[in-house]
Structures are given as structure tokens and as C-alpha cells.
Amino acid sequence: MHEMAIVQSIIDILEQQARIHEARKVISVKLEFGALTAVLPSAVNFAFEILSKGGFTEGAQLEITIIPIKVFCPDCEKELVLEEYQPFCPVCSSPALKIVEGRDEMRIASMEIE
Ligand SMILES: [Zn+2]
């Protein structure tokens with residue numbers, strides 16, 4: 001479960017931010033992951049629950065968004081959202097697809113502190 005390592009690094013960042021802003025605790029956090037990270041929201045929640053214990057982030061509400069895979073095909077000049085990754089353009093079968101979004105992004109979109 002690679003979510004453990006990911007969540008640990010997210011908590012590190014959140015705690016650092018909480019300290020900078022002299023917050024007592026983190027209330028809620030919005031996270032965004034690219035679809036190709038294959039991160040499972042349920043596993044993130046689970047890892048967060050365990051790893052946040054005793055820290056600034058304990059009890060924080062997580063809102064997890066998975067960014068869909070968006071590709072651009074330079075051959076037919078279409079931008080498409082794929083349900084599942086495929087290396088060929090679904091429109092013209094070109095192999096020159098470029099992933100525009102939903103790759104390996106991991107973002108803390110926002111956090112609410114107290
Ligand atoms: Zn195409």
C-alpha cells in the first residue's frame with residue numbers, strides 16, 4: 001500500500017503549515033491525486049487515520065478528488081478524458097497521445113486550520 005508513504009509526506013507538509021500559521025489543529029484538507037497515481041481514496045483515509053494520531057492533523061476531514069486522465073492528441077487535435085489509460089487515441093488511434101492532466105499529480109488543494 002503506497003498510500004502510507006504518500007499520506008505521511010502529506011501530513012508532514014500539513015504539520016509544517018500548521019506550525020507556520022500557529023494553528024492548533026487542522027480541521028479539513030482537500031487533496032487531489034492524478035488518476036494514474038492509482039491512489040485509492042479509502043486507503044488514503046485509512047492511512048490518514050492511523051498516521052495523524054496525536055498530531056496537528058488528527059481528526060481532520062479529508063476530501064479526496066481523483067483528477068481524471070485528460071489527454072491531448074496532436075494528430076486529430078482533440079482533448080479527451082479517458083476512463084482508463086490507453087496509449088492510443090480513441091478517435092484516430094494515433095500513438096502520439098500526450099497526458100495533459102491526471103498523471104502523477106499530488107496536491108494539497110486547500111486546508112482549513114484553527
Ligand atoms: Zn487522435
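1. E1 and E6 pair in the antiparallel sense over 7 bridges; two strands count as paired if DSSP finds at least two bridges between them. Within this pair, Ser28 stands opposite Glu112 in E6. Helices (H or I, at least four residues) and strands (E, at least two) are DSSP runs, numbered from the N terminus.

2. This is a predicted model, in which local features need pLDDT of at least 70 and side-chain atom pairs count only at pLDDT 80 or more, while totals for chains, interfaces and linings use all residues. Residues are numbered from 1 along each chain as its sequence is written.

3. The E1–E6 pair belongs to an open sheet of 3 strands with the order E2-E1-E6 and mixed pairing. Strand E2 (61-67) and strand E6 (106-113) are at the edges with a single partner strand each, so one side of each has no neighbour in the sheet. From one strand to the next the twist averages 15°. Helix H1 lies across E1 and E6 and runs at about 40° to E6; axes are lines fitted to C-alpha atoms, for helices over the stretch in contact, and angles run from 0 to 180 degrees between N-to-C directions.

4. A further open sheet of 3 strands has the order E4-E3-E5, with antiparallel pairing. Its edge strands, strand E4 (78-82) and strand E5 (98-101), each pair on one side only. Neighbouring strands of this sheet are turned against each other by 35° on average, direction ignored. Strand E3 (residues 69-73) and E5 are joined in the antiparallel sense over 3 bridges, and Phe72 stands opposite Lys98 in E5.

5. The largest nonpolar core has 16 residues, and those with the most contacts inside it are Val7, Ile10, Leu14, Val26, Val29 and Val44. Two or more residues each come from helix H1 (3-20), strand E1 (26-34) and helix H2 (41-51), and H1 gives the most, with 5 residues. A second, separate core of 6 residues includes Val71, Cys73, Cys89 and Leu97. A nonpolar core is a set of buried Ala, Val, Leu, Ile, Met, Phe, Trp, Tyr and Cys residues joined through C-beta atoms within 7 Å. A residue is buried if 20 or more other C-beta atoms lie within 10 Å of its own, exposed if 12 or fewer, and partly exposed in between, with C-beta atoms placed from the backbone.

6. Not counting residues up to four places away in sequence, Val26 touches Leu14, Ala18, Phe56, Thr57, Ala60, Met111 and Ile113. Contact requires C-beta atoms, placed from the backbone, within 7 Å.

7. In H2 the buried residues are Val44, Ala47 and Phe48. They cover an arc of only 100° around the axis, which puts them on the same side of H2; the arc is that of the directions from the helix axis to the C-beta atoms. These buried residues pack against H1 and E2. The face of H2 turned away from its buried side carries the exposed residues Ser42 and Ile50.

8. The chain comprises 2 helices and 6 strands, in the sequence pattern α-β-α-β-β-β-β-β. Its radius of gyration is 17 Å, well over the 13 Å that the globule rule gives for 114 residues, so the chain is more spread out than a compact globule. The radius is taken over C-alpha atoms, and the rule is 2.2 Å times the number of residues to the power 0.38. Along its principal axes the C-alpha trace spans about 55 × 25 × 15 Å. Of the 114 residues, 24% count as buried.

Technical notes:
Contact = placed C-beta atoms within 7 Å.
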